[in-house]
Amino acid sequence: MTSEPLYAVFQAARRLTVGPPAEAALAAHKALAAQPDAPVIVLDRATGQVVDLDLRGDAATVQARYAPAPEIAPETVKRGRPKLGVVSREVTLLPRHWEWLAQQPGGASVTLRKLIDAARKGGPDPRARLNAAYRVMVTLAGDREGFEEASRALFTGDHAALRQRLAVWPADIGQEVLACLDTDPPSA
C-alpha cells in the first residue's frame with residue numbers, strides 16, 4: 001500500500017494548505033475562483049517540484065478527479081500458492097555482485113528485497129530533501145532578497161544561518177523550506 005503524496009498550495013507568499021492531492025486541488029480551485037489574477041503554485045512536499053493540477057470544472061469535479069482510488073476488497077481465498085504480486089524484471093549486475101548475492105542466505109531475490117526494504121525504512125535521502133528544499137526556495141523565493149545567501153547556508157548545512165535568512169521572507173515560505181528538510185519550522 002502506498003501513501004498519497006503531500007502537496008503544499010501557495011498563492012502569492014501564503015500557504016493555503018498542505019494535504020493529499022484531492023485536498024490540494026480543491027484548495028487551489030477555490031483560491032483561483034476567489035482571486036483569478038493571483039497565480040496558485042502547488043508543490044510536491046517530497047520533491048519540491050511544481051505540480052500541475054487539472055482544475056477545470058466545479059469544485060466537486062476537481063476533488064473527485066484527485067480522490068484516492070477505493071481499496072479493492074480482497075478476493076475470495078483460493079487454493080494453492082498465494083499471489084504475492086511478484087513482477088519479474090531483469091537486473092543487470094557485474095559478476096562480483098552475483099557472486100556476493102549467491103553467498104547470501106535465501107539467494108539473490110531475498111537479499112535484494114531485504115536491502116531495498118532497509119533502504120526504504122531509512123526515510124528520504126538527505127540529498128533528496130536538500131534538493132527539494134532548494135526547489136521550493138527557487139520557486140517561491142528565487143527573486144527575494146537574500147536568496148543567494150540562503151542557498152549557500154542551505155548547501156553548507158548551516159541551519160542557523162539558513163533560519164536567519166528565511167526570517168526576512170514571509171513565514172510560510174520559510175516554514176515550507178524547513179519542512180522539506182524535515183527540520184522544525186521557525187518559531188512564529
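**Close-up views of a predicted model**

**View 1. Ala33 sits in helix α1, which covers residues 21-34.** Keep in mind that this is a predicted model. Is Ala33 buried or exposed? With 57% relative accessibility, Ala33 counts as exposed, because the cut-off for that label is over 50%. Now find Asp58, which lies 25 residues from Ala33 in sequence. From C-alpha to C-alpha, Ala33 and Asp58 are 9.9 Å apart in space.

**View 2. Ala12 lies in a loop between two strands.** The loop links β1 (7-11) to β2 (14-19). For background, most residues other than glycine have a negative phi.

**View 3. Glu176 is a buried residue in helix α8.** Helix α8 spans residues 171-181. How much relative accessible area does Glu176 have? The value is 0%, so Glu176 falls under the 20% limit and counts as buried. Which residues does Glu176 touch, leaving aside those up to four places away in sequence? The list is Ala8, Phe10, Arg15, Val18, Arg45 and Val136. Two of those names, Arg15 and Val18, belong to the stretch of β2 (14-19), while Ala8 and Phe10 fall within β1 (7-11).

**View 4. Helices α6 and α7 cross at roughly 155°.** Here you see α6, residues 147-156, with α7, residues 159-166. Their axes come within 8 Å. Why call the pair roughly antiparallel? The crossing angle is over 145 degrees, so α6 runs roughly antiparallel to α7. This crossing is left-handed. On the α6 side, the residues that meet α7 are Glu149, Ala150, Ala153 and Leu154. On the α7 side, they are Ala161, Leu162 and Arg165. Sorted by type, the residues of this contact come out as 5 nonpolar, no polar and 2 charged.

**View 5. Helix α7 also packs against α8, again with a crossing of roughly 155°.** In this pair the axes come within 9 Å. That angle makes α7 roughly antiparallel to α8, because it is over 145 degrees. The handedness of the α7 and α8 crossing is right-handed. Helix α7 brings His159, Leu162, Arg163 and Leu166 to the contact, and α8 brings Gly174, Val177, Leu178 and Leu181. By type, the residues of this contact split into 5 nonpolar, 2 polar and 1 charged. Look for Leu162 in both of these views: this α7 residue is listed in the contact with α6 and in the contact with α8.

**View 6. Stepping back, the protein has 8 helices and 3 strands.** In what pattern do they follow along the sequence? Reading along, you get β-β-α-β-α-α-α-α-α-α-α. There are 188 residues, and 29% of them are buried. Among contacts with a separation of 6 or more, 51% join residues 24 or more positions apart. The protein exposes about 13200 Å², with carbon and sulfur atoms supplying 54% of that area.

How values were computed:
Residues are numbered from 1 along each chain as its sequence is written. This is a predicted model: local features need pLDDT of at least 70, side-chain atom pairs count only at pLDDT 80 or more; totals for chains, interfaces and linings use all residues. Side-chain values use heavy atoms; hydrogens and water are left out. Helices (H or I, at least four residues) and strands (E, at least two) are DSSP runs, numbered from the N terminus. Buried means under 20% relative accessible area, exposed over 50%, partly exposed in between (1.4 Å probe, protein chains only). Contact means heavy atoms within 4.5 Å. Accessible areas come from the Shrake-Rupley method with a 1.4 Å probe; for residues, only the protein chains shown count as cover. Axes are lines fitted to C-alpha atoms, for helices over the stretch in contact, and angles run from 0 to 180 degrees between N-to-C directions. Angles under 35 degrees count as roughly parallel, over 145 as roughly antiparallel, 65 to 115 as roughly perpendicular and the rest as oblique. A crossing is left-handed if the near helix is turned anticlockwise from the far one by less than a right angle, and right-handed if clockwise. Ala, Val, Leu, Ile, Met, Phe, Trp, Tyr, Cys and Pro count as nonpolar, Asp, Glu, Lys and Arg as charged, and the others, Gly among them, as polar.
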